[in-house]
Amino acid sequence: MQKLYHTERLILAMLDPSAAPMVLDYLLRNREDFARYEPAKEDSFYTVPRQEMVLNAEQQLFEREQGVRYYIFDASDPDTIIGNVSFAHIDGPVCIIGYRIDLNFRRRGIAFEAISFLLNELQNRNVPDIIEADICPDNEASVHLAQKLGFHLSRATVFRGKELLCYIRFNNEK
């Protein structure tokens with residue numbers, strides 16, 4: 001996969017550690033909302049040095065072809081992160097997708113546009129046949145998005161104390 005893509009309205013970009021202040025701004029703007037659906041994070045997570053470490057680790061995963069995270073920007077404002085999409089375990093039997101959209105940019109089709117584009121890119125790569133999205137049951141918008149993208153409910157599970165619904169999609173599905 002490439003490090004930068006453009007869709008009709010969006011820029012999807014991998015970022016290096018120099019973008020840590022921008023990532024931190026995005027995370028802080030959405031901290032309370034993201035906490036509803038994610039495992040708890042220590043306060044130290046919300047610092048520039050920690051985000052530099054995260055971005056460095058993301059680069060290493062990409063270089064080893066094990067994972068990738070794309071940060072989403074509105075093409076008209078390429079200095080503000082409005083979401084991200086990640087793929088983990090792309091070297092294993094099941095690839096895990098994760099996604100977040102800034103609270104102020106939801107219900108505009110941004111996640112659908114970004115994920116649809118990236119799933120299409122994945123089809124052209126040697127990646128696992130199964131893609132899994134783990135979603136909190138009360139995140140109705142995310143459940144709806146997964147279904148719209150062709151994911152099907154597989155099972156329920158608990159991860160780090162949070163109940164999750166596991167949706168799967170076969171990589172050759174459109």
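How many strands does the open sheet have, and in what order? The sheet has eight, in the order β1-β2-β3-β4-β5-β6-β8-β7. This is a predicted model, so local features need pLDDT of at least 70 and side-chain atom pairs count only at pLDDT 80 or more, while totals for chains, interfaces and linings use all residues. Residues are numbered from 1 along each chain as its sequence is written, and side-chain values use heavy atoms, with hydrogens and water left out.

View 1. Strands (E, at least two residues) and helices (H or I, at least four) are DSSP runs, numbered from the N terminus. At the edges stand β1 (4-6) and β7 (152-159), each with a single partner strand, so one side of each has no neighbour in the sheet. Ignoring direction, neighbouring strands are turned by 30 degrees against each other on average. Axes here are lines fitted to C-alpha atoms, for helices over the stretch in contact, and angles run from 0 to 180 degrees between N-to-C directions.

View 2. Zoom in on β7 and you find strand β8 (residues 162-170) paired with it in the antiparallel sense, over seven bridges.

**View 3. Strand β3 and its two partners.** β3 is mostly covered, with six of its eight residues buried; buried means under 20% relative accessible area, exposed over 50%, and partly exposed in between (1.4 Å probe, protein chains only). β2 pairs with β3 in the antiparallel sense over four bridges, and L12 has I72 in β3 as its bridge partner. β3 also pairs with β4, again antiparallel, over eight bridges. Here F73 sits opposite I81 in β4, and a hairpin of two residues joins β3 to β4. As a reminder for reading such views, side chains in a regular strand alternate between the two faces of the sheet.

**View 4. Helices on the sheet.** Helix α1 (residues 20-29) lies across β3, β4 (77-88) and β5 (94-101), running at about 80 degrees to β4. Helix α4 (residues 110-123) also packs on the sheet, touching β1, β2 (10-13), β3, β4, β5, β6 (130-135) and β8, and its direction makes about 50 degrees with that of β4. Contact means heavy atoms within 4.5 Å.

View 5. The model has 10 salt bridges, each being a side-chain nitrogen of Lys or Arg within 4 Å of a carboxyl oxygen of Asp or Glu. In one of them D43 meets R31, with the closest N and O atoms 2.6 Å apart. That pair links distant parts of the chain, 12 residues apart: R31 is in helix α2, and D43 is in the loop between α2 (31-35) and α3 (48-63). D43 is exposed at 58% relative accessible area, and R31 is partly exposed at 30%. D33 and R36 form another salt bridge (2.7 Å, N to O), and D33 is buried at 7%.

View 6. E58 and R69 meet in a salt bridge (2.6 Å, N to O). E58 lies in helix α3 and R69 in strand β3 (residues 67-74), so the pair ties together parts that are 11 residues apart in sequence. E58 is buried, at 11% relative accessibility. Elsewhere, salt bridges that share partners join D25, R29 and D102 into one network.

Note on methods
Two strands pair if DSSP finds at least two bridges between them.
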